[in-house]
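Hi,

Here is the structure I promised to pass on.

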Amino acid sequence: MQIAFIGLGNMGGPMAINLHKAGHTVKAFDLSKDACAKVAAEGLVIAASAEDAVQGAEAVVSMLPASQHVEGLFLGRDGAGGLLQRIAKGVLIIDSSTIAAATSQKVAKAAQAAGIAFIDAPVSGGTGGAVAGTLTFMVGGSDADLERARPLLEKMGANIFHAGAVGAGQTAKICNNMLLGILMIGTSEAIALGVANGLDPKVLSEIMRRSSGGNWALEKYNPFPGVHENAPASKNYAGGFGTDLMLKDLGLAQENAMAVKASTPLGGMARAMYAMHSIAGNGALDFSSVIRSLQKNG
């Protein structure tokens, strides 16, 4: 299949590469020249622009940072038309960005009016999952559009869940990431407490992992350097999922909670903590670096 892939960051780049490795023709684009160079080294074709990428495409996959980027890309900004004016009728758009559900619904409505199919399909699984092709997709859209997308999603992920209509995937994602943000803070607090008392972080992490405190952060993404060799914590918190991205997702969760009058006190406290961590200059570091703010020398 001819695929346009727009957004080649820590998650999007490996996803595009996996589609290429599966035999699809992927024409990719990102505003970052470095991001383009990384996927070009794997044999992908780099488009001159997003408009160039979608020419002749049968499917368009986007992985962008926030709502305004997705809306601007597809609907246009500052008087300029968006990609929906340049994508052929019948093409399927798979947006894997994590954005507001209302934005997904707005873009989907415009796409439908143009004869273009749209699903929101945000992901979970981290950069390791993106590289390994084991991501979890949370899909919002029609049954028919999901089935069209499934052969592509299966090359990038191991788990595909149909959450409901357009926007439902985004709602599931912000619920998941709110929980992840809370769990990472709790995990960091527990490890920092143990280390302050002289415990070995590896031993403590294994004890908790196999006990009632076990969670994904302990299992796959430990925030203490040296516990997991491939975790961002062991790479000076480089790469991974940035603090500012977690802060953005927690903000989406709080906005949604206000809209539906849901009570999310821990989510609100987690957002405040990541905001302080970002203000302290850690916005570009992986979100697990929040443990630094909990240590004596943090």
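Below is what I found, starting with how to read the numbers.

This is a predicted model, so please keep in mind that local features need pLDDT of at least 70 and side-chain atom pairs count only at pLDDT 80 or more, while totals for chains, interfaces and linings use all residues. Residues are numbered from 1 along each chain as its sequence is written, and side-chain values use heavy atoms, with hydrogens and water left out.

**Helix H8 and its partner**

Let's begin with H8, which covers residues 168-196 and has 29 residues. From first C-alpha to last, H8 reaches 42 Å, close to the 42 Å expected at 1.5 Å a residue (the expected span is 1.5 Å times one less than the number of residues). After H8 comes Gly198, with a positive phi near 90 degrees.

How do we describe two helices that pack together? We give the angle between their axes and the distance between the axes. Here the axes are lines fitted to C-alpha atoms, for helices over the stretch in contact, and the angles run from 0 to 180 degrees between N-to-C directions.

H8 meets helix H12 (residues 265-282): their axes come within 9 Å and cross at roughly 65 degrees. That makes H8 roughly perpendicular to H12 (under 35 degrees counts as roughly parallel, over 145 as roughly antiparallel, 65 to 115 as roughly perpendicular and the rest as oblique). The crossing is left-handed, meaning that the near helix is turned anticlockwise from the far one by less than a right angle; clockwise would be right-handed.

On the H8 side you'll find Met178, Gly181, Ile182, Met184 and Ile185, and they meet Leu266, Gly267, Ala270, Met273 and Tyr274 of H12. Contact here means heavy atoms within 4.5 Å. The residues of this H8 and H12 contact split into eight nonpolar, two polar and no charged.

**H11 against H12**

H12 also packs with H11, at an angle of about 150 degrees and with the axes 9 Å apart. That makes H11 roughly antiparallel to H12. H11 passes H12 in a left-handed crossing too. From H11 the contact includes Thr243, Asp244, Leu247 and Leu250, and from H12 it includes Gly267, Ala270, Tyr274 and Ser278. The residues of the H11 and H12 contact divide into six nonpolar, eight polar and two charged.

Ser278 of H12 is buried, with a relative accessible area of 18% (buried is under 20%, exposed over 50% and partly exposed in between, with a 1.4 Å probe and protein chains only). Not counting residues up to four places away in sequence, Ser278 touches Thr243, Asp244, Leu247 and Gly283.

**Two loop residues**

Which way does phi go in Tyr237? It is positive, about 60 degrees, although Tyr237 is not a glycine. Tyr237 sits in the loop between helix H10 (216-220) and helix H11 (243-260), and is buried at 2% relative accessible area. Lys261, in the loop between H11 and H12, has a positive phi near 60 degrees and is not a glycine either. Lys261 is exposed, with a relative accessible area of 76%.

**Around H4 and the strands**

In helix H4 (residues 67-75), the buried residues are Ser67, Val70, Gly72, Leu73 and Phe74. They pack against several elements, including strand S1 (2-6), strand S4 (59-62) and helix H5 (101-113). Gly76, with a positive phi near 95 degrees, follows H4.

Val60 belongs to S4 and counts as buried at 0% relative accessibility. Beyond its neighbours within four places in sequence, Val60 is in contact with residues including Ala4, Ile6, Phe74 and Ile93.

Val123 is in strand S9 (residues 123-124) and is buried, with a relative accessible area of 5%. The C-alpha atoms of Val123 and Ser96 are 6.4 Å apart, although 27 residues separate the two along the chain. Outside the four places on either side in sequence, the contacts of Val123 include Met11, Ser96, Phe137 and Lys173.

Cheers

Notes: Helices (H or I, at least four residues) and strands (E, at least two) are DSSP runs, numbered from the N terminus. Ala, Val, Leu, Ile, Met, Phe, Trp, Tyr, Cys and Pro count as nonpolar, Asp, Glu, Lys and Arg as charged, and the others, Gly among them, as polar.
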